[in-house]
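Subject: Structure handover

Hello,

Here is the structure, with the sequence alongside. My notes follow below it.

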Amino acid sequence: MSLRLSTVILPYRRWHEGARSAWVRAEQLGFHTAYTYDHLTWRSFRDGPWFGAVPTLTAAAAVTDRLRLGTLVTSPNFRHPVTLAKELISLDDISGGRITLGIGAGGTGFDATALGQEPWTPRERADRFAEFVSLLDRLLTEDTVTYEGRFHSAHEARNIPGCVQRPRLPFAVAATGPRGMKLAARYGRAWVTTGDPKLYETGTPEQSVEALRGQIGRLAEACEAAGRDVTGLDKVLLTGFTPDRARPLSSLDAFVDFAGRHRELGFTEIVIHWPVPDSVFATDEKVFEQIAMEALAQLD
């Protein structure tokens, strides 16, 4: 399978002050998908502008025609499957079937406490994630759903006419642990990773490659247990969180080398952050556009 190149556009700018033009330009540059983060706020952006993912993607759908759109990632931290399903069906309709839902267990950041709750333990996050994904799958594929779970309930929740994409819009499941891998194998069109977070500060690029090789091996085991061929599952690397940090975006050659090494591991899609000045995602815009337009041709 050929490698795809996608981008993630952080929702920190007003729509008419740079955000709109970025989504339009992403399509012009030929990216496969443009994602956005689905957080209430995020890290160093906490005290600045930050806009909602679903309205942002709706606006992006209105100004693009071919570009796939999605979240990286949505989590149970502040979402309920019933209301999220209704929004996703609407967004899939508006976009003409161009939506991918990146979905993960969530973390311990600002999203985890913004609604007034205590942060969940890792076990509870995993429990909630499993229920969240399974219920959302039903809501997006069945006209009417009634469900009583440990964390979520649905009472005659109606989702007619369903998604444009059948049987539903695709899930890209972010996971590194065994329970998340099982969810990816069962429900995912794609699997998403950012690498091993323990290596970010002190690890090496070589150690990161080996860690990712191990993750893909465990994904293959999960797929085998689910009776699924792992080659049929897209493997997505969200860059910027491995020991390589921003180095792959320092030049076209650097990116081609990085992408080639990770394609050899089995990755089918690499996601790079749209340049954000004065942040960890600060990148020379000319180099970024050169990578978008020329890198894949050098990997053929």
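The lining of the second largest pocket divides into six nonpolar, four polar and one charged residue; here Ala, Val, Leu, Ile, Met, Phe, Trp, Tyr, Cys and Pro count as nonpolar, Asp, Glu, Lys and Arg as charged, and the others, Gly among them, as polar. Those residues are Tyr200, Thr239, Gly240, Arg245, Ala246, Pro248, Leu249, His273, Val280, Phe281 and Thr283. The space in this second largest pocket is about 160 Å³.

This is a predicted model, in which local features need pLDDT of at least 70 and side-chain atom pairs count only at pLDDT 80 or more, while totals for chains, interfaces and linings use all residues. Residues are numbered from 1 along each chain as its sequence is written, and side-chain values use heavy atoms, with hydrogens and water left out.

On the pocket terms: the search runs on a 1 Å grid over the protein atoms alone, where a cavity is a set of points that a 1.4 Å probe fits but cannot leave, and a pocket is an open set with protein on both sides within 12 Å along at least five of seven lines. Lining residues have an atom within 4 Å of a point. Grid points are joined across faces, edges and corners, and a volume is the space filled by probe spheres set on the points.

The largest pocket holds about 1400 Å³ of space. Its lining has 38 residues, and Ala105, Gly106, Gly107, Ala174 and Thr194 lie nearest the centre. Strand S3 (68–74), helix H4 (122–141), helix H5 (178–187) and strand S8 (190–193) are the elements that give two or more residues to this lining. Helices (H or I, at least four residues) and strands (E, at least two) are DSSP runs, numbered from the N terminus. By class, the lining of the largest pocket has 18 nonpolar, 15 polar and five charged residues.

As for the fold, eight strands form a closed barrel in the order S1-S2-S3-S4-S7-S8-S9-S10, with parallel pairing. Neighbouring strands of this sheet are turned by 25° against each other on average, direction ignored. Two strands pair if DSSP finds at least two bridges between them.

Helix H2 (residues 53–63) touches strand S2 (33–36) and S3, and its direction makes about 170° with that of S3. H5 lies across S7 and S8, running at about 165° to S7. Axes are lines fitted to C-alpha atoms, for helices over the stretch in contact, and angles run from 0 to 180 degrees between N-to-C directions. Contact means heavy atoms within 4.5 Å.

Strand S5 (residues 144–148) and S6 pair in the antiparallel sense over four bridges, forming a hairpin with four residues between them. Thr144 stands opposite Arg158 in S6. His155 is also placed in S6 and is exposed, at 62% relative accessibility. Buried means under 20% relative accessible area, exposed over 50%, partly exposed in between (1.4 Å probe, protein chains only). Beyond its neighbours within four places in sequence, His155 is in contact with Val145 and Thr146.

Leu5, in strand S1 (residues 4–8), is buried, with a relative accessible area of 4%. Leaving aside neighbours within four places in sequence, its contacts are Phe31, His32, Thr33, Phe255, Ile270, Ile272, Ile291, Ala292 and Leu296.

Some backbone geometry to check before you set anything up:

- Leu72 and Val73 are joined by a cis peptide bond, with omega about -10°; Val73 is in strand S3.
- The peptide bond from Arg166 to Pro167 is cis, with omega near 5°; Pro167 is in the loop between strand S6 (153–158) and S7.
- Arg43, although not a glycine, has a positive phi of about 45°. Arg43 is found in the loop between S2 and H2 and counts as exposed at 53% relative accessibility.
- Arg245, another residue other than glycine, has a positive phi near 50°. Arg245 lies in the loop between strand S9 (234–238) and helix H7 (252–265), counts as partly exposed at 35% relative accessibility, and belongs to the lining of the second largest pocket.

Regards
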